[in-house]
Amino acid sequence: MEVSLAEARRIAVRAQLLDGSAKSVLETVRHLGWLQIDPISTVAPPQYLVLWSRLGPYDRAELDRLLWERKQLFEWRAFIYPIDDLPLIRALMRAPWGRLKRHEWAREFMKAQAGLRRYILRELERDGPLPSRELEHHAARFGEKTVWWGTRAQMTWMLELLHDRGRIAVAGRDRGQRLWDLAERVYPETETVPVADARRILEERRFQAQGVRLGRNGLVAHPDAQDGRVPATRVTFLSPFDGLVKNRDRAEALWDFFYRLEMYVPKAKREYGYYVLPILRGDRLVGRIEPAFDRKTGVLRVLGVFAEPGAPAGAGPGIAAATRRLGKWLGATDILYPRKVPAIWREALR
């Protein structure tokens, strides 16, 4: 069903639980469908920051407990999923190799490195869970260091491919490093779902969690999408990997908000900053903020604040309150603002 721009904004915010309706970590992950994992921790890794945007200052350890103790969530290919979705993800693990060059390379690599594959599975069966640093094999090393993978590129590639294909799984983390084990010792038994059905169901759930998407002739809402009033003064900051803005084309269509993560842009060419977060107020993206948390000093530094054209002056107090909530959640002992902030918010952000 096609919807107006105003309706689409409200639906998108409500569908992503950014209207204040999120209640718990588990239910939020189940509703969103997944959390993307990334080691970037200028503020906090995105899998934690996405939850903060919806829940406020929650207990970060709860996500880890749900993953590694209660086993109600699981990790696959740098995403966190509800364990209820394991049959669907397992179907993707079993999917035939595609015809892309990278698929052909992966198939040939696993065949050529059969000895390395057998070594990993044997070591994990005997001593798993293990971090990758405790797995060593003569076929895993290159003579020279590669740009991205170091000298252990072969080991890294084989672990990732065995993980992709469902042979091994992440059984836990030790100071951020993945602990590998045989999949049958990590995942519970599940039903079998055909690949085509799994893809269709997952795509439908993604659409439902987004609420609205770009159609050929306009904005199209999911049949079960809910429209309604979004609290106009609720302010939060969004991770660059947040589902509300991850589709950059959709974000631009809904809010005329052009956004890119500039950490890979040369400093002299950055428009805003290294790790800038969109500011959501109600159902509008009103600006951007660049926070950076110094864990050694306990100081949360706001390196920059930027207002979007037409941003309301009344957003200032909400931005200040959201910054304090972020600081409390991070354990900051002090918050420092830059001298230069948008004039319409200057009084609130002093």
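Buried means under 20% relative accessible area, exposed means over 50%, and partly exposed lies in between, with a 1.4 Å probe and protein chains only. Everything below comes from a predicted model, where local features need pLDDT of at least 70, side-chain atom pairs count only at pLDDT 80 or more, and totals for chains, interfaces and linings use all residues. Residues are numbered from 1 along each chain as its sequence is written, and side-chain values use heavy atoms, with hydrogens and water left out.

**View 1. Let's start with helix 1, residues 5-15.** Helices are DSSP runs of H or I with at least four residues, strands are runs of E with at least two, and both are numbered from the N terminus. In helix 1, the buried residues are A8, I11, A12, V13 and A15. An α-helix has 3.6 residues a turn, so residues three or four places apart point the same way. Just after helix 1, look for L17, which takes a positive phi of about 60 degrees.

**View 2. Here is the largest pocket, with about 1200 Å³ of space.** On a 1 Å grid over the protein atoms alone, a pocket is an open set of points where a 1.4 Å probe fits, with protein on both sides within 12 Å along at least five of seven lines; lining residues have an atom within 4 Å of a point. Grid points are joined across faces, edges and corners, and the volume is the space filled by probe spheres set on the points. Of the 37 lining residues, R77, A78, E160, D164 and R178 lie nearest the centre of the pocket. Helix 3 (46-55), helix 4 (61-69), strand 3 (73-76), helix 6 (101-112) and helix 8 (153-164) each supply at least two residues of this lining. Sorted by class, the lining has 19 nonpolar, five polar and 13 charged residues. Here Ala, Val, Leu, Ile, Met, Phe, Trp, Tyr, Cys and Pro count as nonpolar, Asp, Glu, Lys and Arg as charged, and the others, Gly among them, as polar.

View 3. Rings of Phe, Tyr and Trp (its six-membered ring) pair if their centres lie within 6.5 Å; planes under 30 degrees apart count as stacked, over 60 as edge-to-face and the rest as tilted. The F74 and Y187 rings have centres 5.8 Å apart and planes at 80 degrees, so this pair is edge-to-face. It links distant parts of the chain, 113 residues apart: F74 is in strand 3, and Y187 is in the loop between strand 7 (177-182) and helix 9 (195-210). F74 is buried at 5% relative accessible area, and Y187 is buried at 6%. Ring pairs also link W34, F74, F79, Y81 and Y187 into a cluster.

**View 4. Two arginines sit over rings, R60 over Y48 and R165 over W97.** A charge sits over a ring if NZ of Lys or CZ of Arg is within 6 Å of the ring centre and within 35 degrees of the ring normal. R60 is 4.4 Å from the ring centre of Y48, while the charged end of R165 is 4.2 Å from that of W97.

**View 5. Finally, visit D242 in the loop between strand 10 (235-237) and helix 10.** D242 is buried, with 0% relative accessibility. Its side chain reaches the backbone nitrogen of L244 at 2.9 Å. F241 is in the loop between strand 10 and helix 10, and F241 counts as buried at 15% relative accessibility.

Conventions: Polar contact = N/O pair within 3.5 Å; in protein donor to acceptor, adjacent residues only side chain to side chain.
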